[in-house]
Amino acid sequence: MKQTFALVLLCLVICSCGSKKRAVAERPAEEQKVKNRTVAGGNESQENVTKPAPSRSYANATEAYVDTYKDIAIREMELYRIPASITLAQGILESGSGRGRLSKEANNHFGIKCHDWTGKKIYHDDDRSQECFRKYKDAKYSFRDHSLFLSERKRYAFLFDLDPYDYRAWAKGLRAAGYATDRKYPQKLISLIERYELYKYDREAYGYEPKSTVDVSKGEMKHTVIKGDTLYSISKKYNTTVESLRQMNGLEDNIISIGQILVIQL
């Protein structure tokens with residue numbers, strides 16, 4: 001009888017241990033299922049989401065915006081030849097430095113409307129009430145769509161014949177092609193580019209840093225405008241006149257831009 005009781009007790013102990021082992025072994029699998037459901041539901045960060053700029057101190061929202069998206073703009077310039085400075089300036093202007101509703105809720109940084117868009121949409125008051133705008137999963141897709149929007153439409157084709165470093169010509173060309181109805185659109189872009197020195201990212205895209213250079217070729221000199229240059233100071237440097245510089249470079253006034261290349265007759 002004692003032997004029988006001891007045998008039953010031993011069986012109970014063995015069964016109990018097995019049950020605990022199964023419970024311990026099954027728990028990680030169940031936790032993994034929950035984790036998988038969380039990822040599928042989009043509650044965890046995805047690798048393809050544009051990361052915000054590293055935590056640091058910025059003078060304003062525009063500086064933070066530039067720091068966040070400059071690398072994307074440079075990449076787009078490498079692929080599509082659209083000046084990174086223009087892309088960034090348009091993004092700043094159109095999105096309110098990333099604070100506008102379209103950029104915050106739809107990752108749409110350039111105000112591109114639906115047109116033949118088949119993806120997700122958002123409705124927002126613009127020229128008319130509740131117009132249809134494109135909605136993107138990630139801001140980087142908005143930058144790519146901006147590149148495609150310009151490069152695939154015939155009315156913007158002439159822009160790609162311009163010097164990719166001539167952001168002033170690009171700014172004026174966008175207005176002429178009908179990208180914006182605001183008459184001051186070019187001036188606004190140029191002001192942003194020069195205030196935040198966005199032109200330096202154009203040079204970075206092609207591995208060239210802006211600097212003053214003089215090249216002798218076919219009886220001409222080429223001077224790259226740097227900060228502080230004026231037509232007067234350049235004319236004195238090369239023993240020429242302001243009027244000669246204007247004629248040689250087809251300038252309508254005395255305004256020049258950092259990074260602009262001027263031809264000087266020997």
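Which is Gln260, buried or exposed, and at what relative accessibility?

Modeller: Gln260 counts as buried because its relative accessibility is 17%, and buried means under 20% relative accessible area, with exposed over 50% and partly exposed in between (1.4 Å probe, protein chains only). First, the ground rules. This is a predicted model, in which local features need pLDDT of at least 70, side-chain atom pairs count only at pLDDT 80 or more, and totals for chains, interfaces and linings use all residues. Residues are numbered from 1 along each chain as its sequence is written, and side-chain values use heavy atoms, leaving out hydrogens and water.

Gln260 lies in the loop between helix 10 (242–249) and strand 5 (261–265). Helices (H or I, at least four residues) and strands (E, at least two) are DSSP runs, numbered from the N terminus. Leaving aside residues up to four places away in sequence, Gln260 touches Arg168, His223, Thr224, Val225 and Leu251. Contact here means heavy atoms within 4.5 Å. The side chain of Gln260 also reaches the backbone nitrogen of Ser257, at 2.9 Å.

The side chain of Ser257 makes a polar contact with the side chain of Arg168, at 3.0 Å. Another polar contact, of 3.5 Å, joins the side chains of Ser257 and Glu194. A polar contact is a pair of N or O atoms within 3.5 Å; within protein, one must be able to donate a hydrogen and the other to accept it, and residues adjacent in sequence count only if both atoms are side-chain atoms. Val225 is 32 residues from Ser257 along the chain, yet their C-alpha atoms are separated by 6.7 Å.

Now the wider chain. The protein chain has ten helices and five strands. Of its 266 residues, 36% are buried. Among contacts between residues at least 6 apart in sequence, 52% join residues at least 24 apart. The chain exposes about 16,500 Å², and carbon and sulfur atoms supply 52% of that. Accessible areas come from the Shrake-Rupley method with a 1.4 Å probe; for residues, only the protein chains shown count as cover.

Elsewhere, the structure holds one disulfide. The S to S distance between Cys114 and Cys132 is 1.9 Å, and a disulfide is a pair of cysteine sulfur atoms within 2.5 Å. The pair links distant parts of the chain, 18 residues apart: Cys114 is in the loop between helix 4 (101–106) and strand 1 (121–124), and Cys132 is in strand 2 (residues 131–134). The link is left-handed, with -65° about the S-S bond. Cys114 is buried, with a relative accessible area of 5%.

Last, the start and end of helix 2. At its start, a side-chain oxygen of Asn60 reaches to within 3.1 Å of the backbone nitrogen of Thr62. Thr62 is among the buried residues of helix 2, which also include Tyr65 and Met77. Arg81 follows helix 2 and has a positive phi, near 65°.
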